[in-house]
Amino acid sequence: MRKTLLVVCFLLILTAGSLHVECRRHRERRRKDYTLFVFGDSFVDAGNLPKSSGRSRVSRGWYYPYGSSDSSHGNQATGRLSDGLVQSDFLAQMLGMDESPPVFSTLRTRAEVENGINFAVPFSGVMNGRQEEQLSLREQISQFGEFVDHGSVDDKQLENSVALLSVSNGHDYSHVSDTTSDRQLDAYIDDVTDGIVEGVKRLQEIGVSKVLVNSMPPLGCSPWRARQSVGYAQCDGAGNTLATTHNRLLRRKLDGLEDVHVLDLYNAFNSLARSMSGSTPCCDTSDHNAYCGQLDGNGRAQYTVCASPGDSFYWDNENPTQAGWEAVMDRLQANIQDFLAA
């Protein structure tokens, strides 16, 4: 999206040099108009978890090969669970920013907020996580409420604010198994979607003017659910059924709420993954229980990285590559802009 903007401006220079100033001013005006607040999971987190002294499944986003395609950050890991930028970064670019707003963990409670705040953390969902770093959606929104109560976010910023809410990488459903009955699963999906709707309403009560909500992507086609025994060629039907049930119920519950738009990640992921690398992750492990970036006791990599991450949709077992996210947000951009303009 950033490249598209630069090409457009370049063409304007060729046709009429005076229009170059107008193009630049338009981008600056958009930067002042919008404030972005981000909540949820690894799809939108920009590095909220602190870097630990050693790499682990939780801290892997701060270590190579994460960030290796991110030229805007010197091809260094930034805590994002991708080889580069993530969904919140590309939405921020649509709003005239360079990248996701600052992460909550780097700000003082009474810090002055300019473009917004990113509260998202990996492994987050509606339900409380078992560990301290797994802040639930409700806890993240409570953090946001404290910032507003302390006056760090003023009324003008709220009037022009956009919230991105992502409970989409399947963390809430990670414990679902073949032994879970249909009745139990339906009740659980009802609870999860209730929690998302509660979060949306709470954001609106605080004063956020526009809310974007991720739908669930086809979980059965994510690498961690796709059948590795056939080279990721087959999706898990139960995982996709879970996602479609979640999405149908979520849309029904959000129907009628003003200034709320559901982002169709399901169809975007499904179409784009098929046209790129399918369910095969760029950063792959031979052991299903290992993780991208893992080293053994002798410092040997327990993973391999594909030669061209830009051609892959999935980066690791659940998160898209920078190229994957850019393609997804390009696909959704027109609907997002129409929603924001309404």
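Q: Among contacts in the chain between residues at least 6 apart in sequence, what percentage join residues at least 24 apart?
A: This is a predicted model. In it, 72% of the contacts between residues at least 6 apart in sequence join residues at least 24 apart.

Q: How many helices and strands does the chain have?
A: The chain has nine helices and seven strands. Of its 342 residues, 51% count as buried. The exposed surface comes to about 16,000 Å², and carbon and sulfur atoms supply 47% of that.

Q: How is the packing of two helices described?
A: Two packed helices are described by the angle between their axes and by the distance between those axes. Here, helix H4 (residues 137-149) packs with helix H6 (residues 182-206) at about 5 degrees, the axes being 10 Å apart. Angles under 35 degrees count as roughly parallel, and H4 and H6 are therefore roughly parallel to each other.

Q: Which residues make the contact of H4 with H6?
A: On H4 they include Leu-137, Ile-141, Phe-144 and Val-148, and on H6 they include Ile-196, Glu-198, Arg-202 and Leu-203. The residues of this contact divide into seven nonpolar, three polar and three charged.

Q: Is Gly-293 buried or exposed?
A: Buried means under 20% relative accessible area. Gly-293 has 2% relative accessibility, so it counts as buried. Gly-293 sits in the loop between strand S6 (283-284) and strand S7 (304-305).

Q: What does Gly-293 touch, leaving out residues up to four places away in sequence?
A: Gly-293 touches Arg-55, Tyr-64, Pro-65, Cys-283 and Tyr-303. Arg-55 is 238 residues from Gly-293 in sequence, yet their C-alpha atoms are 8.0 Å apart in space.

Terms used: Residues are numbered from 1 along each chain as its sequence is written. This is a predicted model: local features need pLDDT of at least 70, side-chain atom pairs count only at pLDDT 80 or more; totals for chains, interfaces and linings use all residues. Side-chain values use heavy atoms; hydrogens and water are left out. Helices (H or I, at least four residues) and strands (E, at least two) are DSSP runs, numbered from the N terminus. Buried means under 20% relative accessible area, exposed over 50%, partly exposed in between (1.4 Å probe, protein chains only). Contact means heavy atoms within 4.5 Å. Accessible areas come from the Shrake-Rupley method with a 1.4 Å probe; for residues, only the protein chains shown count as cover. Axes are lines fitted to C-alpha atoms, for helices over the stretch in contact, and angles run from 0 to 180 degrees between N-to-C directions. Angles under 35 degrees count as roughly parallel, over 145 as roughly antiparallel, 65 to 115 as roughly perpendicular and the rest as oblique. Ala, Val, Leu, Ile, Met, Phe, Trp, Tyr, Cys and Pro count as nonpolar, Asp, Glu, Lys and Arg as charged, and the others, Gly among them, as polar.
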